[in-house]
Amino acid sequence: MKNKVVIVGGGMVGAAAAVSLARAGCAVTLIEQAPIDAQQVLDDDSIDIRVSAINRFSERLLDSLGAMPLLRATRAAPYHRLTAFESGNNVLSFDKEEVNATHLGHIVENKLIQASLWQQFADLPITVKAFAKPAKAVRFVAEHVVLEYDSETLSADLLIAADGGRSHIRQLANIGVTGWQYQQHCMGILIKLDAPQQLETWQQFKPSGPVALLPMSAPYANLIWYDEGTKLQQLSQLSPDSLKAAITAHFPPLPGDFEVLQSAVFPLARQHANHYFKNRVVLVGDAAHTINPLAGQGVNLGFKDVDALTRSLDLTDIGAELGLKSYARKRRGDNLLMMSMMDACYFGFSNQLKPLQQLRELVLKVANKAGPLKAQVLKHAMGD
Ligand SMILES: Cc1cc2nc3c(=O)[nH]c(=O)nc-3n(C[C@H](O)[C@H](O)[C@H](O)COP(=O)(O)OP(=O)(O)OC[C@H]3O[C@@H](n4cnc5c(N)ncnc54)[C@H](O)[C@@H]3O)c2cc1C
């Protein structure tokens with residue numbers, strides 16, 4: 001009999017897990033509180049302010065799941081160069097040529113990534129269900145996991161929690177988290193840019209927090225502004241013209257004139273689940289880990305979870321402990337390492353102590369000239 005899997009959460013990571021496991025031969029039920037019409041989303045011209053920089057590992061996974069061709073045909077914007085700097089002459093930059101690649105990654109709207117995966121469901125054994133209220137309970141019965149809703153009770157061999165950072169399933173399974181809220185928040189600003197397609201994404205580290213440009217498919221781009229939450233809330237109340245003036249004063253010069261279309265403020269939290277599985281419940285994506293988005297790694301880590309989970313599970317009994325243990329072993333350390341690297345950047349660059357400032361300058365200078373080491377770091381960031 002086919003392995004039965006229930007996935008709660010059909011965001012980018014849950015949808016990828018659904019396609020990946022259905023292709024591996026499982027019967028999947030996907031529960032999403034806000035189901036989408038994938039074709040409508042892909043055809044829609046309105047632009048999502050939430051974007052992700054997806055690396056080449058994620059691109060390969062999305063290719064293997066059939067989603068990437070749809071993204072290439074819509075608004076995925078490849079970037080060729082990635083630059084980080086503090087002041088004018090203190091620049092660390094990575095170029096596609098340094099790793100003999102055609103591009104380093106893509107900037108894509110989150111809603112398009114999600115829809116390109118949902119579009120695959122039709123040809124696969126995936127049933128989508130929407131429940132108005134969250135599940136009441138998770139129970140373990142013999143070799144099964146049971147998920148209780150007001151109107152229905154579902155039984156499966158494995159329950160996957162892909163319901164985001166505030167995962168309700170993680171709570172029902174009694175899996176605790178450790179972490180904190182960062183003092184800095186971040187504001188995403190969708191702009192229309194009067195410039196040709198940009199191929200460079202950059203980030204400037206400033207004492208109040210970094211600012212960044214993520215070039216989307218022209219004429220759009222996403223600006224990211226990290227700062228104190230109260231400051232960003234005030235900025236978000238400004239008219240588009242006043243916000244434009246504030247951006248012009250705070251950001252390095254943009255490649256052309258621009259119009260502010262939309263902005264949104266996001267609180268930032270680091271959170272890591274104390275366990276990646278319990279009995280027959282397993283966590284993936286933000287349900288398992290949320291990370292400072294400084295280097296845009298969150299969903300890339302989630303896609304790595306999906307790949308590792310699919311490879312680790314024992315397809316004779318998908319909920320068997322050995323496979324889940326192997327998944328947790330592969331992913332926990334890797335996710336923790338990336339979280340710690342982001343924190344080193346966050347704390348290292350928000351500090352104005354003179355010795356630390358000098359150390360930063362040295363690190364950026366040395367790293368920029370570090371030849372093979374630099375290529376290695378770049379390959380890691382690209383997910384190669
Ligand atoms: C400002 C910002 C910028 C970022 N930039 C990047 C980037 O450049 N690159 C990158 O890799 N990552 C980035 N990230 C991180 C990335 O957005 C997340 O890691 C990613 O969205 C996690 O996907 P997910 O599917 O695990 O969770 P989510 O996106 O949170 O999806 C969870 C899904 O579960 C559903 N759900 C929730 N509860 C229930 C329930 N009870 N029942 C049914 N369904 C439920 C939700 O509706 C949703 O569809 C950024 C994050 C932020 C905040």
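A polar side-chain atom of Asp286 lies 2.7 Å from an oxygen atom of the ligand, which is a polar contact in the sense used here (a pair of N or O atoms within 3.5 Å). Keep in mind that this is a predicted model: local features need pLDDT of at least 70 and side-chain atom pairs count only at pLDDT 80 or more, while totals for chains, interfaces and linings use all residues. Residues are numbered from 1 along each chain as its sequence is written, and side-chain values use heavy atoms, with hydrogens and water left out.

**Around the ligand**

- Glu32 also reaches the ligand: an N or O atom of its side chain is 2.6 Å from a ligand oxygen.
- With Val13 it's the backbone that takes part, as one of its polar atoms sits 3.1 Å from an oxygen of the ligand.
- On its own the ligand exposes 1,000 Å², and the protein buries 79% of that; these areas come from the Shrake-Rupley method with a 1.4 Å probe.
- The elements giving two or more residues to the shell are α1 (12-23), β3 (51-54) and α9 (298-312). Helices (H or I, at least four residues) and strands (E, at least two) are DSSP runs, numbered from the N terminus.
- There are 26 residues around the ligand, and Glu32, Ala53, Asp286, Gly296 and Val299 come nearest; a residue is counted if one of its heavy atoms lies within 4 Å.
- Sorted by class, the shell holds 11 nonpolar, 12 polar and 3 charged residues. Here Ala, Val, Leu, Ile, Met, Phe, Trp, Tyr, Cys and Pro are nonpolar, Asp, Glu, Lys and Arg are charged, and the others, Gly among them, are polar.

**The sheet of 8 strands**

- This open sheet runs β6-β5-β14-β15-β16-β13-β17-β20, with mixed pairing; two strands pair if DSSP finds at least two bridges between them.
- β6 (91-95) and β20 (289-290) are the edges, each with a single partner strand, so one side of each has no neighbour in the sheet.
- β17 (residues 258-273) and β20 pair in the antiparallel sense over 2 bridges, and Gln271 has Thr290 of β20 as its bridge partner.
- Helix α8 (residues 240-250) packs on the sheet, touching β13 (177-193), β15 (211-215), β16 (220-228) and β17 at about 65 degrees to the direction of β17. Contact means heavy atoms within 4.5 Å, and angles run from 0 to 180 degrees between the N-to-C directions of axes fitted to C-alpha atoms, for helices over the stretch in contact.

**The sheet of 3 strands**

- Another open sheet has the order β9-β10-β11 and antiparallel pairing.
- Its edge strands, β9 (137-141) and β11 (153-156), each pair on one side only.
- Neighbouring strands here are turned by 20 degrees against each other on average, direction ignored.
- β10 (residues 144-148) pairs with β11 over 4 bridges, and Glu148 stands opposite Thr153 in β11.

**Backbone details in loops**

- A cis peptide bond joins Ala218 and Pro219, with omega about 15 degrees; Pro219 lies in the loop between β15 and β16.
- Asn100 has a positive phi near 50 degrees, though it isn't a glycine, and you'll find Asn100 in the loop between β6 and β7 (105-109).

Technical notes. Polar contact = N/O pair within 3.5 Å; in protein donor to acceptor, adjacent residues only side chain to side chain.
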